[in-house]
Amino acid sequence: MRLWHEKLIHLLPKNQLLGQHRECCALRGNGWKKKHKTVDYVFTYSPYHLFIYHVLVMEEMEKRGYNVSAEWKDKNYRGKTAEKYDNLKEEIIGSPIYKEHNIEYLADCIENLRDKGIHLVVEE
């Protein structure tokens, strides 16, 4: 489980982009607060941060012609089996969405993808 650095979302190949959507859905749903060393930092933030990150993923999916279930665009939605939030508090969130997504994390993500045979060029 991993959230790719937000600068990579628009560059991700189809499988990684769609996989990221599934990861976001799982984390927003019953996976919220379930320990996983790669994404534990997400749980130190409001769930609204994850929603905003997921919006980036969904927007990229739609740009590429993929359909996104409208329910996921609701900040309170958590999947079919998780209880919805009662008006999740909106926040002003800068970039990066997660402070852990720094330049070192970007390099780690690029290396991780390279190990999978995916070579991305990130423009600063």
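**Stop 1: the cysteines**

There are zero disulfides in this structure, a disulfide being a pair of cysteine sulfur atoms within 2.5 Å. Select Cys25: this cysteine is in no disulfide, and the nearest cysteine sulfur, belonging to Cys24, is 7.0 Å away. Cys25 counts as buried, at 14% relative accessibility; buried means under 20% relative accessible area, exposed over 50%, and partly exposed in between (1.4 Å probe, protein chains only). Now jump to Cys109, which is also in no disulfide, with the sulfur of Cys24 the nearest cysteine sulfur at 13 Å. Cys109 has a relative accessible area of 0%, so it is buried.

Before moving on, keep in mind that you're looking at a predicted model, where local features need pLDDT of at least 70 and side-chain atom pairs count only at pLDDT 80 or more, while totals for chains, interfaces and linings use all residues. Residues are numbered from 1 along each chain as its sequence is written, and side-chain values use heavy atoms, with hydrogens and water left out.

**Stop 2: the salt bridges**

Side chains of opposite charge can pair when their charged atoms come close. How many salt bridges does the structure hold? The count is six, taking a salt bridge as a side-chain nitrogen of Lys or Arg within 4 Å of a carboxyl oxygen of Asp or Glu.

Start by selecting Lys84 and Asp74, whose closest N and O atoms are 3.1 Å apart in a salt bridge. Both residues sit in the loop between helix 2 and helix 3 (103–115), so this pair ties together parts that are 10 residues apart in sequence. Helices here are DSSP runs (H or I, at least four residues), as are strands (E, at least two), and they are numbered from the N terminus. Colour by accessibility if you like: Lys84 is partly exposed at 47%, and Asp74 is partly exposed at 26%.

Next, pick Lys75 and Glu90, which form a salt bridge at 3.2 Å, N to O. Lys75 and Glu90 both lie in the loop between helix 2 and helix 3, so the pair ties together parts 15 residues apart in sequence.

Lys99 is exposed, at 62% relative accessibility, and Glu100 is partly exposed, at 25%.

**Stop 3: the cavity**

Searching the whole structure turns up one cavity of 30 Å³ or more. On a 1 Å grid over the protein atoms alone, a cavity is a set of points where a 1.4 Å probe fits but cannot get out, and lining residues have an atom within 4 Å of a point. The largest cavity has a volume of about 40 Å³; grid points are joined across faces, edges and corners, and the volume is the space filled by probe spheres set on the points.

To see the lining, select Arg28, Trp32, Pro47, Leu50, Phe51, Lys75, Arg78, Tyr85 and Leu88. Sorted by class, the lining has six nonpolar, no polar and three charged residues. For that sorting, Ala, Val, Leu, Ile, Met, Phe, Trp, Tyr, Cys and Pro count as nonpolar, Asp, Glu, Lys and Arg as charged, and the others, Gly among them, as polar.

**Stop 4: along helix 2**

Stay with helix 2 and select His49, which is found there. His49 is buried, with a relative accessible area of 9%. Leaving out residues up to four places away in sequence, His49 touches Glu91, Ile93, Ile97 and Tyr98, contact meaning heavy atoms within 4.5 Å.

Leu56 is in helix 2 too, and is partly exposed at 30%. With residues up to four places away in sequence set aside, Leu56 touches Glu6, Ile9 and Ile97. Draw a C-alpha distance from Leu56 to Ile9: the two are 47 residues apart along the chain and separated by 7.5 Å.

**Last stop: helix 3**

Finish on Ile103 in helix 3, which is exposed at 53% relative accessibility.

Methods:
1 Å grid on protein atoms, 1.4 Å probe; cavity = no way out; pocket = protein on both sides within 12 Å on 5 of 7 lines; lining within 4 Å.
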